[in-house]
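Colleague: Hello! I have a structure open and would like to learn how to read it. Could you take me through some features?

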Amino acid sequence: MPSLTLDGVRVEFPFTPYECQKDYMMKVIECLKNGVNGILESPTGTGKTLCLLCATLGWREHFKDGILGRIIAERLKENNTSADNFPEIWGASSEDGSMPTSCSDVPKIIYASRTHSQLTQVVNELKNTSYKPKVSVLGSREQLCINPEVMRQESNHLKVHLCRAKVSTRSCVFYNNVDEKSTDKGLVEQIVDVEDLVKFGNKHRACPYYLSRSLKQQADIIFMPYNYLLDPKSRRAQSIDLAGSVVIFDEAHNVERTCEESTSFDMTPYDLASAINALTRLLNDHVQEASFADTLSQGLKTDIQVVAKLKEAVLKLEAAIESFEVSDDKGITRPGIFIYELLEKAHLTYDTKDAMSEALEQIIGYLAGQPGIFLNTSGLQKLLDIIQLVFCGKELAQKDRQMVMETNTAHFKVHIHKDTQKKQKNGDPWASSTKKPGNILSYWCFSPGFSMQDLKSQGVRCIILTSGTLSPLSSFASEMRIPFSVSLENSHVIERDQIFVSVIDQGPDRVPLSSAFDRRFNPENMSSLGNTVLNLTRIVPNGLLLFFPSFYLMDKTLEFWRDKGHANQIESVKPIFVEPKGKGAFSEAIEGYYTKVNDFQSRGAIFAAVCRGKASEGLDFTNTFGRGVIVTGLPFPPKMDPRIILKMQFLDEMNRKKLAVPGQKLLTGQEWYREQAFRAVNQAIGRVIRHKDDYGAIFLCDQRFKSRDAQSQLPSWVRPYVRSYDKFGNIVRDVCQFFRVAQKMRPVLEKNPAPDPSVFPAGSCQSSVPQCSATTSYAPCQMPSVQKAKMLDVHTSTLKRRRTDEDTEYDSILFKQYGVQTQKSKIKPTNLFEALERVERQSEWRSAFGQAMQSNLSTLSLQNDKRMEEMMRGGKRKINLVQEQPSVSGLAPGNRKPSIARCFLVELKSSLSEVSFEQIHQALQSYKQNDNLDNLLSGTSLLIHDPHTYRLFRGLYPFVRPHHRKAFDDKCRELTGTSCGYETKHSMRKDKKSSGASHSAGDQPSEAQLDEEQPKLEEDKETETAEDELQRRNRAVFLADMRSALGPDGSVKLYRAIYAYKMTDNYENLVTTAVALLTEKDEDFRLLIKFTNVIRPHHKKQYKAMLKELMGLSANTDPDSREQTETENRQSTA
């Protein structure tokens, strides 16, 4: 690998770095050498992570060499040996003036990022370098524990306490193997991430959680999510020693929020009720013990009086919080120090905190280890966390407490407000005892600097904050309240022809665009925005990202577009996939988007998302997956939110008191509010341009972006390219020109079916710029968008492909080499879902709920229904080689037309959305019945809105009856500029062609003749094979057995659950219903086994495991084979 020297430090780099990469590494080394803090912004795609790793590890080796050199130099001096021939670094002191004397003084590197999945990408980048440091990746038990008993616990804190109990008694077999396996060379000498640790732990039956903590002791670089560093509780739990360490926060644009949230809490009425309920149950269970000994029972070393006092304290705290009269819309705010006064009413003080904390830990641990009915201990855990947070720090003398209390609470506010949440948490029975909404006690931190100053006080060498979007840096630095001596707003590696940035202040109809509160729901504004998006959809190739300020605004806008027809027009060009709020549903939506963009015949797709959402921060839309980004407004935080109001008031108060850090300017509340919006915008537009050969366009669709002040808030690499236009037509002209030039200048990527994300390591080349050059097909490093989808899960799960490679090879590709013939005109049920769907259409309950279901089915592809339906059908097609068919010339005209019709319909399906295809199909069916050409032209008019669909419009020509073909050809020439190839003989009927006669002008062909000439709109039925017949009979038998066993009411319930499963993929709801219905009678259990056919492939393993538990089978026994054996035994007996 090439090496270079930067500021005296030798750095090994995988390739010759760009100037912007050198600049970045120079700034990193400056921070490290001088022991000063840095805030560094470098756009995504500039190799930021790789530069950070190489510069940091290169400096660490340089530092270590200096220590070794000094040790050798001192020994040479003792032996009176000259050191003239040795490197100059030997004997030199470190740059910050310190004189480390042993290798143990070499600083550890603490590398923190937002999530485990992002850390996995960083570890993969490290594997691509020449550096081989000792590595440890810290995670929670949620990610790393492999003990089945612990992982079955309902909540994370119960897992923690049960794990501790097992470790203390050495009753965990996995923990007992840690000491032996922690020195394994395959673990110590390898660079491992969370997934590797879990695999190693499962293979060697050693606990990955404690293995990671063991590796941490000798690690050179430790990876962890940054809430582990910023949350004092997590830091103590992980035993993280920061003295002398270098702390790096990657993806630091979220650090501000994490700092505030990690030191804040909300104590709800349900938390208090849960704590009271748990303590009451504990007292009731043990008060009857005969001995009434000092301890309650074996395993709990707590005096019964302590438990009683603890319950009394919680009751008094509840009474103190409820004593405030709070209106529904406003709360009561007090200074932060008021929290001590409130807790003192419950006898929670510095004097009692240790006893209370110890008792709570004992009780939670004891309850976590108790078998039987689950007891909610979340309230006790919340109380323990509050005590540790409020009474943080070392033991204090009485005279020092007041000053420390004032210092600790200077950045906090106490806010008491009504609990307006209608839904009861977890459905706990104790929650229902609250007759009226109670008060919530909130203790909110409003300065991220509180956590940063605490971090700095741990004795760290330096803190580096870095991300692709930190602008504006000055305000970000002032919020941290620690000095930053080094800062950088880095340039990009791209050229001018790779980016187009436009401010669109008005739509094609000259209506000003704005998401301001007074205009965002204005019909003219929403309509103009729809027209703008429609026009941009037509000219931006491949994938297009559409960002809204909030979920609420996105939902309302899409609803308006559906009602007014904008959505239909947009979907005639690109289908829309919408970012949902749920995690599982998001995986489905983004996978559908990737698949559609990779479709050979599609023109791409739109992904509608929100700023600050998963898509705006968590995914990488490289190359064709993100050719354009549309930002529809400024995403200001909700101004009426109490926390936002108090944050702005806090900043204004700090300004009045002039409490800024020397050299930094404090933000006002209004400045902070404004910059939150622009920081979210910057994060969203960072989804485009992901590497040096990428290109894309950014459209800022809000008139407020036109001001110079607004544009100054954009990233430095974007600002030089911002353009404003007076006319919308000029935008369209320049965007078309931009993409024409970009496609000529940059290698064109072939679209390939999206590979299984598990094939390539996530983010394996996110930063390796030269490796991501465009080629004629996607190499592993060219699919970061799919790879980064691993972020959607906690750490190891990836998006699973729903379709095989054969499924994604669309028919339109095969036209050139193969004859394509789909199986049936009326597609025969290929699985149980299809059969049930037909039963549902005929059943009585369908009519009762049909309207609601139809509403769900007609949400366009905004809900991804089309892809789900195709997935459920399986989409099988029969392929026959052309050579095996009779020649085209040998076919009679009547036999040739259906083949043309089938091919055209398949191409139509693959090119249009479901709604658009259905509209065309209905128009053709209507034309077949009423022979009205005007209606056909009207029904297929959506094909003439876009030049790319002109070929489809001309493709309708064979469907037009002879006496209309001349008129259709004239209309086609008028609308598309190209003829359909009309000839006079095309207007002659087939029987007249053969006889040489023609109809007179007044003669009209008969209806039978018209139908004979019309190409078939539906495919011919094929003869069912024996296998098809067997499948059909099996389905019929199963359905009949279910109806017989469950009766009408039970059948309806099961059909509803299956239908809901098909639409939502909610496995838990389906299985709950099925098990409840099919286990009431022993004889129905065989149906539960056959019910496996209903379960989708990605749930089958889980379902079969459940069946084994219900049947009491061993892990190696298949329920299907057991059922088959029993059936054969019954038949032989009979």
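Modeller: Gladly! Keep in mind that this is a predicted model. Let us begin with burial: a residue counts as buried when its relative accessible area is under 20%. Ala608 is buried, at a relative accessible area of 0%.

Colleague: Where does Ala608 lie, and which residues does Ala608 touch?

Modeller: Ala608 belongs to strand β19, residues 605–610. Leaving out residues up to four places away in sequence, Ala608 touches Leu546, Phe548, Met554, Ile576, Phe577, Val578 and Glu579. Take Leu546: 62 residues separate this residue from Ala608 in sequence, yet their C-alpha atoms are 4.6 Å apart in space.

Colleague: Is Ser113 buried or exposed?

Modeller: Ser113 is buried, because its relative accessibility is 1% and the limit for burial is under 20%. You will find Ser113 in strand β4, residues 109–113. Its side chain makes a polar contact of 3.1 Å with the side chain of Gln118. Beyond its neighbours within four places in sequence, Ser113 is in contact with several residues, including Met224, Tyr226 and Asp250.

Colleague: Now for sheets. In what order do the seven strands of the open sheet stand?

Modeller: The order is β5-β6-β4-β7-β14-β3-β15, and the pairing is parallel. β5 (135–137) and β15 (486–489) are at the edges with a single partner strand each, so one side of each has no neighbour in the sheet. On average, neighbouring strands here are turned by 15° against each other, direction ignored.

Colleague: How many bridges join β7 and β14?

Modeller: Four bridges join them in the parallel sense, with β7 covering residues 246–249 and β14 covering residues 462–467. Within that pairing, Val247 stands opposite Ile463 of β14. Helices pack here as well. Helix α11 (residues 208–218) touches β5 and β6 (221–225), and its direction makes about 140° with that of β5. Helix α21 (residues 449–456) lies across β7 and β14, running at about 140° to β14.

Colleague: Which residues of β21 are on each side of the strand?

Modeller: Start with the general idea: side chains in a regular strand alternate between the two faces of the sheet. In β21, Gly696, Ile698 and Leu700 are on one side, with Ala697 and Phe699 on the other, and all are buried. Five of the five residues of β21 (residues 696–700) are buried, so this strand is largely enclosed by the rest of the structure.

Colleague: Which strands pair with β21?

Modeller: β16 runs parallel to β21, joined by five bridges, and Val503 has Leu700 as its bridge partner in β21. Strand β20 (residues 628–631) also pairs with β21 in the parallel sense, over four bridges. There, Val629 has Ile698 as its bridge partner.

Colleague: What about aromatic rings? How many aromatic pairs are there?

Modeller: The count comes to 34 aromatic pairs. One of them joins Tyr175 and Tyr210 edge-to-face, at 4.9 Å centre to centre with 75° between the planes. This pair links distant parts of the chain: Tyr175 is in helix α7 (residues 173–176) and Tyr210 in helix α11, 35 residues apart. Tyr210 is buried, with a relative accessible area of 15%. Phe521 and Tyr552 also form an edge-to-face pair, at 5.7 Å centre to centre and 90° between the planes. Phe521 lies in the loop between β16 (499–503) and α23 (523–539), and Tyr552 in helix α24 (residues 551–564), so their pair ties together parts 31 residues apart in sequence.

Colleague: Which residue lies over the face of Tyr695?

Modeller: That is Arg627, at 3.8 Å from the ring centre.

Terms used:
Residues numbered from 1 in each chain as written. Predicted model: local features only at pLDDT ≥ 70, side-chain atom pairs only at ≥ 80, totals over all residues. Heavy atoms only, no water. Pairing = 2+ DSSP bridges. Helix = DSSP H or I, 4+ residues; strand = E, 2+ residues; numbered from the N terminus. Axes fitted to C-alpha atoms, helices over the stretch in contact; angles between N-to-C directions. Contact = heavy atoms within 4.5 Å. Buried < 20%, exposed > 50% of the residue type's maximum accessible area, 1.4 Å probe, protein only. Phe/Tyr/Trp six-rings, centres within 6.5 Å; stacked < 30°, edge-to-face > 60°. Lys NZ or Arg CZ within 6 Å of the ring centre and 35° of its normal. Polar contact = N/O pair within 3.5 Å; in protein donor to acceptor, adjacent residues only side chain to side chain.
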